[in-house]
Amino acid sequence: MKVSARNVFKGTISQLQEGAVNAEVSLTLSGGNQLVAVVTMESVKNLGLAVGKEAVALVKAPWVMLMTESSDIRLSARNCLEGKVTSVTDGAVNAEVVIRLDGGSEVYSIVTREAVAELGLAPGVSATAVIKASHIILGVPA
């Protein structure tokens with residue numbers, strides 16, 4: 001599978017909570033980190049999502065927000081993944097920031113160069129990747 005999304009996370013569905021319209025799907029990644037996605041019940045049915053099944057979570061890098069000094073902040077976003085910055089690549093306006101999570105997965109984010117400066121993002125700095133559950137697209141092996 002080739003996709004344009006910078007973040008492709010493989011994992012196993014560890015929890016599936018069905019609702020009237022949407023379902024909340026928890027995906028445990030190989031390193032132990034968890035992602036929570038919200039998908040339609042139609043997607044659950046069409047993809048055959050079930051606890052124990054393998055799935056892939058896709059997240060475009062611009063959908064990943066970054067925070068530093070986040071220990072006393074609570075957010076409505078379901079996915080707050082802590083790690084350390086491994087690289088910052090500057091562009092003309094934006095920068096790509098890569099964060100390695102404790103479990104070994106890497107998260108790519110595209111933020112403004114101004115945000116990089118304001119947050120003090122540089123290799124070795126602790127940072128949190130914030131991803132809304134509704135920004136995660138799930139897929140399953142064919």
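Predicted model: local features only at pLDDT ≥ 70, side-chain atom pairs only at ≥ 80, totals over all residues.
The protein contains two helices and 10 strands, and four salt bridges are found in the structure. Below is a friendly tour, from the whole chain down to single residues.

**Domains**

- Domain 1 is built from two stretches of the chain, 7–59 and 133–139, while domain 2 covers 61–131.

**Overall shape and fold**

- Following the sequence, the order of elements is β-β-β-α-β-β-β-β-β-α-β-β.
- Along the principal axes, the C-alpha atoms occupy a box of roughly 45 × 35 × 25 Å.
- Of the 142 residues, 39% are buried.
- Among contacts with a separation of 6 or more, 60% come from residues 24 or more positions apart.
- The protein has an accessible surface of about 7900 Å², and carbon and sulfur atoms contribute 50% of that.

**Salt bridges**

- Arg-6 and Glu-96 pair through their side chains, with 2.9 Å from N to O. This bridge joins distant parts of the chain, since Glu-96 belongs to strand 7 (residues 94–101) and Arg-6 to the segment before strand 1, 90 residues apart. Arg-6 has 40% relative accessibility and therefore counts as partly exposed.
- Glu-24 and Arg-78 form another salt bridge, at 2.4 Å from N to O. Here too distant parts of the chain are linked: Glu-24 sits in strand 2 (residues 22–29) and Arg-78 in the loop between strand 5 (65–67) and strand 6 (79–90), 54 residues apart. Arg-78 is partly exposed at a relative accessible area of 44%, and Glu-24 is also partly exposed, at 23%.
- Arg-100 and Glu-106 meet in a salt bridge as well, with an N to O distance of 2.6 Å. Arg-100 is partly exposed because its relative accessible area is 40%, and Glu-106 is partly exposed at 25%.

**A nonpolar surface patch**

- Met-1, Val-3 and Val-8 together form a nonpolar patch on the surface, with about 290 Å² of accessible area between them.
- Val-8, one of these residues, belongs to strand 1 (residues 7–18).
- The relative accessibility of Val-8 is 37%, so this residue counts as partly exposed.

**Ala-55, a buried strand residue**

- Ala-55 is part of strand 4 (residues 54–59), and a relative accessible area of 2% makes it buried.
- Ala-55 and Leu-138 are separated by 83 residues in sequence, yet their C-alpha atoms are 6.7 Å apart in space.
- Beyond neighbours within four places in sequence, Ala-55 is in contact with Phe-9, Lys-10, Gly-11, Ile-13, Leu-27, Gly-139 and Val-140.

**Ala-115, a buried helix residue**

- Ala-115 is found in helix 2 (residues 113–119).
- With a relative accessible area of 18%, Ala-115 is classed as buried, because the cut-off for buried is under 20%.
- Ala-115 and Met-67 are 48 residues apart in sequence, with 9.6 Å between their C-alpha atoms.

**Asn-22, a partly exposed strand residue**

- Asn-22 lies in strand 2, and its relative accessibility of 36% makes it partly exposed.
- From Asn-22 to Tyr-108 the C-alpha distance is 27 Å, and the two residues are 86 residues apart in sequence.
- Setting aside neighbours within four places in sequence, the contacts of Asn-22 are Gln-17, Val-38, Val-39, Thr-40 and Met-41.

Methods: Residues numbered from 1 in each chain as written. Heavy atoms only, no water. Patch = residues over 30% accessible without salt bridge, like charges linked within 9 Å, V, L, I, M, F, W, Y side chains within 5 Å. Areas by Shrake-Rupley, 256 points an atom, 1.4 Å probe, with all protein chains shown as cover. Helix = DSSP H or I, 4+ residues; strand = E, 2+ residues; numbered from the N terminus. Buried < 20%, exposed > 50% of the residue type's maximum accessible area, 1.4 Å probe, protein only. Contact = heavy atoms within 4.5 Å. Domains from an automatic or database assignment.
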